[in-house]
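Me: I would like to learn how to read a helical model from its numbers. Please take me through one, feature by feature.

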Amino acid sequence: EWSASVCRRFNNNFNVRRALGKSGFMAVEYKGDFICSVLKQELLLYKTLLNCLILLSGVEDGMKVLWERAPLRLGRTCKMIVSVYAKRECEMKRIERSEDKRDLELLKGLVEATTPAVIMTLKIMQELSDEHLSAGNEEWLYDALVGLITCDSLEVRNQVHVLFMTRIKGRVKAASS
């Protein structure tokens with residue numbers, strides 16, 4: 001978790017990334033299949049962490065819990081991955097509407113590269129208990145998912161829709177007329 005956090009902070013620091021790009025240490029622009037090694041590391045750590053916690057938590061059918069705190073850690077990891085993605089999406093939309101678009105391609109690359117991990121995470125969230133799904137705070141869940149309703153990825157939007165229809169629907173109170 002700590003390693004993923006370090007990678008995430010680096011990947012979100014566009015000033016440092018631009019400075020390293022100007023010095024020739026790394027590519028500043030996102031070029032299709034090119035992903036900087038720190039972003040590759042962030043994505044690999046997410047996948048590894050999710051897979052380990054799935055095994056330890058017994059989330060999959062017929063599995064027993066091997067570590068009693070694993071389901072809560074899995075819920076918190078899902079929260080972190082989805083929240084980071086939602087913030088990146090929101091920032092990307094803000095930059096698209098702004099005059100200063102210098103970080104737009106870099107941010108689009110981050111979002112695009114992170115999308116498969118988020119789809120995996122949203123699918124995992126379908127299997128979590130209510131307690132572990134909210135990770136101790138339901139507000140983050142609703143805010144992050146609402147933020148992803150308009151995201152660029154059709155697959156992410158579909159997974160968000162499934163979560164709203166199957167898991168979130170009963171939690172949200174409709175305003176009375």
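Me: How are α1 and α4 oriented to each other, roughly parallel or roughly antiparallel?

Reply: Two packed helices are described by the angle between their axes and the distance between the axes. In this predicted model, the axes of helix α1 (residues 2-12) and α4 cross at roughly 0° and come within 13 Å. An angle under 35 degrees counts as roughly parallel, so α1 and α4 are roughly parallel to each other.

Me: Which residues of α1 and α4 make the contact?

Reply: Arg8, Asn11 and Asn12 contribute from α1, and Met80, Val84 and Arg88 from α4. By class, the residues of this contact of α1 with α4 divide into 2 nonpolar, 2 polar and 2 charged.

Me: Let me step back to the whole chain. How many helices and how many strands are there in the protein?

Reply: The protein has 8 helices and 0 strands. Read along the sequence, the pattern is α-α-α-α-α-α-α-α.

Me: What percentage of the residues count as buried?

Reply: The cut-off for buried is under 20% relative accessible area. Of the 177 residues of the protein, 44% count as buried. As for the surface, the protein exposes about 10200 Å², and carbon and sulfur atoms supply 54% of that area.

Me: What share of the contacts join residues at least 24 apart?

Reply: Take the contacts between residues at least 6 apart in sequence: 66% of them join residues at least 24 apart.

Me: Next, α3 and α5. At what angle do they pack, and how far apart are their axes?

Reply: Helix α3 (residues 37-57) packs with α5 at an angle of about 5°, and the axes are 10 Å apart. The pair α3 and α5 is therefore roughly parallel. On the α3 side the contact is made by Leu39, Leu43, Tyr46, Lys47, Leu50, Asn51 and Ile54. On the α5 side it is made by Gly109, Leu110, Ala113, Thr114, Ala117, Met120, Thr121 and Ile124. The residues of the contact of α3 with α5 divide into 10 nonpolar, 4 polar and 1 charged.

Me: Take Ala113 from that list. Is Ala113 buried or exposed?

Reply: Ala113, which has its place in helix α5, has a relative accessible area of 12%. That value is under the 20% cut-off, so Ala113 is buried. Ala113 and Leu43 are 70 residues apart in sequence, and their C-alpha atoms are 8.0 Å apart in space.

Me: And what is the relative accessible area of Lys47?

Reply: Lys47, found in helix α3, has a relative accessible area of 46% and is therefore partly exposed. Lys47 and Ala117 are 70 residues apart in sequence and 6.7 Å apart in space, C-alpha to C-alpha.

Me: Helix α5 also packs with α8. At what angle do they pack?

Reply: Helix α5 (residues 104-127) and helix α8 (residues 154-168) pack at about 15°, with axes 9 Å apart. These two helices, α5 and α8, are therefore roughly parallel to each other. The crossing of α5 past α8 is left-handed. From α5 the contact uses Thr115, Val118, Ile119, Leu122, Lys123, Met125, Gln126 and Glu127. From α8 it uses Glu155, Val156, Gln159, Val160, Val162, Leu163, Thr166 and Arg167. The residues of the contact of α5 with α8 divide into 8 nonpolar, 4 polar and 4 charged.

Me: Which residues is Gln126 in contact with, leaving aside its neighbours within four places in sequence?

Reply: Gln126 lies in helix α5. With those neighbours set aside, Gln126 is in contact with Val162, Leu163, Thr166 and Arg167. Gln126 and Arg167 are 41 residues apart in sequence and 7.2 Å apart in space, C-alpha to C-alpha.

Me: Where does Asp103 lie?

Reply: Asp103 lies in the loop between α4 and α5. Its relative accessible area is 12%, so Asp103 is buried. Leaving aside neighbours within four places in sequence, Asp103 is in contact with Phe14, Arg18 and Ile95.

Me: One last residue. Why does Gly75 count as buried?

Reply: Gly75 counts as buried because its relative accessibility is 0%. Gly75 lies in helix α4 (residues 70-97).

Methods:
Residues numbered from 1 in each chain as written. Predicted model: local features only at pLDDT ≥ 70, side-chain atom pairs only at ≥ 80, totals over all residues. Heavy atoms only, no water. Helix = DSSP H or I, 4+ residues; strand = E, 2+ residues; numbered from the N terminus. Buried < 20%, exposed > 50% of the residue type's maximum accessible area, 1.4 Å probe, protein only. Contact = heavy atoms within 4.5 Å. Areas by Shrake-Rupley, 256 points an atom, 1.4 Å probe, with all protein chains shown as cover. Axes fitted to C-alpha atoms, helices over the stretch in contact; angles between N-to-C directions. Parallel < 35°, antiparallel > 145°, perpendicular 65-115°, else oblique. Left-handed = near helix turned anticlockwise from the far one by under 90°. Nonpolar A, V, L, I, M, F, W, Y, C, P; charged D, E, K, R; others polar.
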